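Have the model open while you read.

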Amino acid sequence: MVSKAVTLADPDPEVGRTSIPVISVENLVHRYENRTALNGVSFEVRPAELFGLLGPNGSGKTTLFRILSTLMLPTAGRAVILGYDAAQDAAGLRRQIGVVFQAQSVDPKLTAYENLWHQGHLYGLHGAALRKRIAEILARVGLADRAKERVETFSGGMQRRIELAKGLLHHPGVLLLDEPTTGLDPGARRDLWQYLRILRDEEHVSVLVTTHLMEEAERCDRLAILNEGNLVALGTPAELKSEIGGDVVLLDAAQDAALLAEHIRARFHVETAVLGHQVRIERESGHRFVTDVVEAFPGEIQAVSVSKPALEDVFIHRTGHKFWSEGSEEDSEEPILKKKRR
């Protein structure tokens, strides 16, 4: 059965947002031959929300993005965006969403205006209405004065803004972005996130962005953290970090980290985790605890650090291992997809 679009209810005057989610992911499963890329993932994205999908390579976020953008059918479960089922009514959904992929889609030999003109035709926009919309969107992304210049003359950040303009040209209610800051310098990254906040606050567009960068995830209203196809955490960055008890203490072992962890557990009755050559401990008043543990095992510890919880600590707390590990760059979903196409 084809899902029909729904009209969002009036916003709650207390929060200024509706209670009906614009994206609903329900028990989504996807398998590649004998490998499960998504294992029953569920979450919702609220209206006018900047929502992040955070995960290392191979976590399932690329597969999830392709399902949401109607490029792939799930093995089980479903994803509904603005009332359209991504699998059952892909054509209807594509008219309602904007998508910006990680790979560049602009034609560098065309001008900024020409790129948007051809994009507008794909959505049935023509004539004066299209010209007006192109002028509006180029002004929005700060490129109105470069409209007649070839995109190949633009910086990486400016080209990314043209990508963003293409995704927004037809007034979508939801914008999906896959690793949008790949290849950008720090200044261009800041600019892009500023545009995303403007979209959320001034045009009330719901934005879903995939990222593997912790500093970008911190800028999201809420996060879904994925690991090996599973949803391991969901909430605001502040909520997620608050679940860590006190400070995070890292101890560099002089020799055997597992043995050091065992000694600390026996002496201080605390939970420890071994991460390579380090012992990790969550502890209130970590600076005081460090003094005690170094005095207790002076020859077994080479270095210590104490910090407030970060999102990587949430990931370690939920999974038992670091966000990045050896081989994680190769263990992405993309090689598997390439094998299936051969």
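Buried means under 20% relative accessible area, exposed means over 50%, and partly exposed is in between (1.4 Å probe, protein chains only). At 22% relative accessibility, K241 therefore counts as partly exposed.

A word on the source: this is a predicted model, where local features need pLDDT of at least 70, side-chain atom pairs count only at pLDDT 80 or more, and totals for chains, interfaces and linings use all residues. Residues are numbered from 1 along each chain as its sequence is written, and side-chain values use heavy atoms, with hydrogens and water left out.

K241 sits in helix 8 (residues 237-242); helices here are DSSP runs of H or I, at least four residues, numbered from the N terminus. Leaving out residues up to four places away in sequence, K241 touches E218, P309, A310, L311 and V314, with contact meaning heavy atoms within 4.5 Å. Two of its pairings come with distances:

| Pair | What is given | Distance |
|---|---|---|
| K241 and E218 | side-chain polar contact | 3.1 Å |
| K241 and V314 | C-alpha to C-alpha | 6.1 Å |

A polar contact is a pair of N or O atoms within 3.5 Å, one able to donate a hydrogen and the other to accept it. K241 and V314 are 73 residues apart in sequence.

Now the hole. A cavity is a set of points on a 1 Å grid where a 1.4 Å probe fits but cannot get out, and lining residues have an atom within 4 Å of a point. The count is one cavity of 30 Å³ or more. Its lining is R140, V141, L164, L168, Y195, I198 and L199, and helix 6 (186-202) gives the most, with three residues.

Notes
On a 1 Å grid over the protein atoms alone, a cavity is a set of points where a 1.4 Å probe fits but cannot get out, and a pocket is an open set with protein on both sides within 12 Å along at least five of seven lines; lining residues have an atom within 4 Å of a point. Grid points are joined across faces, edges and corners, and a volume is the space filled by probe spheres set on the points. Helices (H or I, at least four residues) and strands (E, at least two) are DSSP runs, numbered from the N terminus.
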